[in-house]
Amino acid sequence: MVRFTLLGFLLAPFFIFYANAQVINGGLSGNNTIDLYVSTTGQAGNNGRKGAPVADIQEAVNLAEQLKKDDPNALISINLLPGDYQLSMPIRISPALNGLAIMGSGASEVRIKGTVPLALKWEKQDSALFVANVPNDLQFDQLVVNDRLQTLARYPNYDEAGGYWQGHTADALSKARIASWQKPKGAIFHVMHNGKWGGFHYRVKGVDEQGEAILEGGHQNNRPSKPHPIFRMVENVLEELDSPGEWYFDADTRKLYYWPPADIDMQTAKFEGIILKNFIEIKGDLENPVKDITIKGIKFEYAQRTLMETYEPLLRSDWTIYRGGAIFLEGTENCLIADCEFTNLGGNVIFISGYNKQLKVTGNHIHDCGASAICFVGDPSAVRSPSFQYGQFVPLADMDTLPGPKNELYPRNCMVHDNLIHRIGRIEKQTAGVQISMAMDITVSHNSINDVPRAGINIGDGTWGGHIIEFNDVFNTVLETGDHGSFNSWGRDRFWHPNRKLMDSLTTADPEMPRWDAVHTTTIRNNRFRCDHGWDIDLDDGSSNYHIYNNLCLNGGIKLREGFYRVVENNITVNNSLHPHVWFANSDDVFRRNIVQVGHQDVILKGWGKEMNYNLFPNEESLLKAQIYNIESNSSFGDPQFNNPQALDFTVSANSPALKLGFVNFPMDAFGVQKPSLKALAKTPEIPLTIQHEEAKKSSSPTVAWLRNDIKSVDSKEEQSAYGLNTPEGVIMLGVWKGSPVAQDAGLKIGDVILEVDGEKVKNVKAFFNVLKAKNQAETLKVLVMRNQAEHALTIRVK
């Protein structure tokens with residue numbers, strides 16, 4: 001009986017997908033299967049059968065609804081024949097249409113667009129500009145000409161290599177600039193968060209007496225800040241229409257202005273305006289969900305931007321979000337979105353809201369869209385004692401202390417598999433390839449995600465864990481933001497408090513508190529990450545209950561901050577290491593059997609977790625630096641002997657010292673998309689220039705990090721002479737972080753050479769760390785340094 005139950009559990013996902021496949025291929029045994037057809041040459045009033053297709057998708061949906069009334073068990077497929085289909089309103093699918101499939105013959109043949117044709121009579125305004133009157137009943141926010149999205153008049157002009165918003169400037173909204181505009185009202189102002197934690201978007205309402213813009217908006221980020229002084233862009237201003245491909249629509253005069261590129265013939269060009277925010281809404285509820293819907297083989301293109309819609313905070317993460325997307329699902333079970341292409345969409349692409357179960361999103365190509373690609377977002381009513389802003393906190397006396405969700409209004413048991421996602425977040429910057437918040441047991445596997453402004457994959461909170469992040473290839477991330485990772489998470493759950501002392505006391509009193517919300521372990525395994533502007537894996541504030549193993553981290557290393565119960569093992573951090581930030585004494589964190597290529601980058605630790613051991617370091621100095629804290633007693637150092645790093649193969653050879661520590665090789669050829677057509681399009685990360693062990697051996701004094709400062713041994717007569725030393729001995733402060741305790745109270749400075757610690761001479765970094773190891777409980781040390789060729793006695797803080 002037990003064996004049968006286990007087998008049924010393991011095969012359940014297969015049967016779910018098989019059921020969907022049967023709907024697509026002719027239906028389940030015993031059910032009436034009906035095929036309806038839509039064609040660009042179809043006729044209104046036809047019965048929708050193969051020989052008499054309708055021309056409108058909505059008409060086919062209406063026919064399906066009527067057929068379902070006659071036979072509720074009928075399985076209906078709406079087949080879209082090759083061509084373009086323009087929607088005037090979203091397709092809405094209710095539980096009355098359970099079992100419906102909407103399928104195209106392929107994303108290269110069938111396209112659904114959110115546009116209307118514009119029949120315009122153009123007149124020449126000047127040598128470059130054309131102008132036309134637009135009928136009063138048309139409202140659009142983007143212009144498409146000959147099937148190419150055009151650029152809304154902006155300053156500075158669009159430059160693909162221009163960085164933030166493909167062009168930014170400090171004076172985008174200066175008083176002088178505003179004074180040059182005849183109609184500032186309606187201008188759209190984009191600006192980065194001052195810390196580059198995403199962006200803000202505003203609409204200009206008017207101008208005050210001082211000539212400053214009066215703004216509305218700025219609600220698209222959950223970490224308020226003043227606007228960044230440099231990373232700014234403004235658009236929707238007539239006077240900024242100054243280059244080919246730009247346009248401007250004056251809603252008051254109903255005039256459309258356009259500067260055509262040289263290859264556009266204004267007499268024959270096809271003009272369209274984008275009028276829809278979303279294409280398909282699949283909505284049921286917990287008691288009556290929509291079931292077994294399939295969307296397959298369709299290209300979805302051209303949807304409106306949503307940056308000025310109503311946003312809501314995602315608990316205490318840095319995000320607010322518009323709860324909507326080109327395809328929107330709420331209250332669904334066992335649905336499938338497969339083999340589609342999504343491009344030139346102004347907002348989120350696929351949004352899974354509230355209760356959803358066993359959705360599969362697979363084989364899709366998502367690119368060049370304004371916000372996030374795939375979002376799983378539960379209802380905050382399912383969260384016990386929620387808070388919605390960084391500084392908020394429910395007092396323990398008022399807190400619901402039961403673990404887990406409060407109700408069922410959240411996504412669970414869903415899969416994002418084998419999708420190619422790139423160039424998303426083109427407008428909004430607090431975005432991700434896959435976003436998860438207030439959800440449980442979401443699997444994200446074999447996706448290739450790259451060229452994004454912030455994280456490739458983001459988990460916004462600990463509620464309620466159980467996610468599996470595996471075999472993804474995520475790189476070229478955090479391109480237009482900062483302080484983030486290719487994978488990023490937060491865990492500002494019930495235990496988390498902005499006052500770290502209070503948080504420490506709460507979790508010391510009840511060590512299980514971090515698992516009240518992060519009830520299930522989230523697994524990150526067998527992925528390849530590269531972030532050149534942050535961390536490869538960034539478990540930020542409070543992220544708890546993670547198991548991280550078999551990951552290849554190509555540049556940014558692994559950061560763990562302020563959380564609990566993280567096990568990190570058997571990972572490779574090329575050119576980097578572990579970044580333990582703000583650990584508590586009882587974090588129970590584990591870091592073992594990993595390959596690191598620099599020493600640990602620790603900041604403000606009260607403890608070193610449950611276990612730090614059996615790791616391979618690059619050199620003796622970096623290992624000794626760790627052993628100061630009575631950790632890494634069984635770790636070693638040496639060349640990991642990667643087999644073929646030039647081909648992104650970082651398996652280690654049979655003689656690698658890492659294997660003696662328990663490290664196990666893992667596959668290097670299974671990252672990212674596997675679908676052949678997507679794999680042919682997918683990029684791979686840049687090959688890192690690795691820190692070569694042979695080069696390290698040539699130098700007797702590699703640079704080592706200590707309390708976030710860079711130090712090295714004196715090892716030459718040239719250095720002895722330069723620093724005015726009696727002998728070529730001592731430890732040079734190559735870099736001093738201003739936040740390091742040793743820099744406080746007129747402490748150490750760049751260029752100081754440490755000669756003695758508490759009266760003991762230190763010849764080199766190795767000797768220095770041996771002295772520190774014996775004094776690891778000390779909060780201050782007396783040091784003798786050579787500064788400007790004169791000896792100085794200092795007392796420095798080390799904690």
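Predicted model: local features only at pLDDT ≥ 70, side-chain atom pairs only at ≥ 80, totals over all residues.
Modeller: Local features here need pLDDT of at least 70, side-chain atom pairs count only at pLDDT 80 or more, and totals for chains, interfaces and linings use all residues. Residues are numbered from 1 along each chain as its sequence is written, and side-chain values use heavy atoms, with hydrogens and water left out.

Biologist: What makes Arg-323 and Glu-312 a salt bridge?
Modeller: A salt bridge is a side-chain nitrogen of Lys or Arg within 4 Å of a carboxyl oxygen of Asp or Glu. The closest N and O atoms of Arg-323 and Glu-312 are 2.8 Å apart, so the pair qualifies. Arg-323 lies in the loop between strands E26 and E27, and Glu-312 in strand E25, so the bridge ties together parts 11 residues apart in sequence. Strands (E, at least two residues) and helices (H or I, at least four) are DSSP runs, numbered from the N terminus.

Biologist: Why is Glu-312 called partly exposed?
Modeller: Buried means under 20% relative accessible area, exposed means over 50%, and partly exposed is in between (1.4 Å probe, protein chains only). Glu-312 has 23%, so it is partly exposed.

Biologist: How do you know whether Asp-368 is buried or exposed?
Modeller: Its relative accessibility is 19%, so Asp-368 counts as buried. Asp-368 meets Arg-423 in a salt bridge of 2.6 Å, N to O. Both residues lie in loops, and the pair ties together parts that are 55 residues apart in sequence. Arg-423 is partly exposed, at 22%.

Biologist: Why does the pair Arg-561 and Asp-540 count as a salt bridge?
Modeller: The N to O value is 4.0 Å, and the cut-off is within 4 Å, so the pair is listed as a salt bridge. Arg-561 is buried at 19%, and Asp-540 is buried at 8%. Both belong to a network of salt bridges, with Arg-223 and Asp-318 also among its members.

Biologist: How many salt bridges does the structure hold?
Modeller: The structure holds 50.

Biologist: How do you know on which side of H4 the buried residues lie?
Modeller: In helix H4 (residues 500-509), Met-503, Asp-504, Leu-506 and Thr-507 are buried. They cover an arc of only 165 degrees around the axis, which puts them on the same side of H4. That arc is taken from the directions from the helix axis to the C-beta atoms. Lys-501, Thr-508 and Ala-509 are exposed on the other side.
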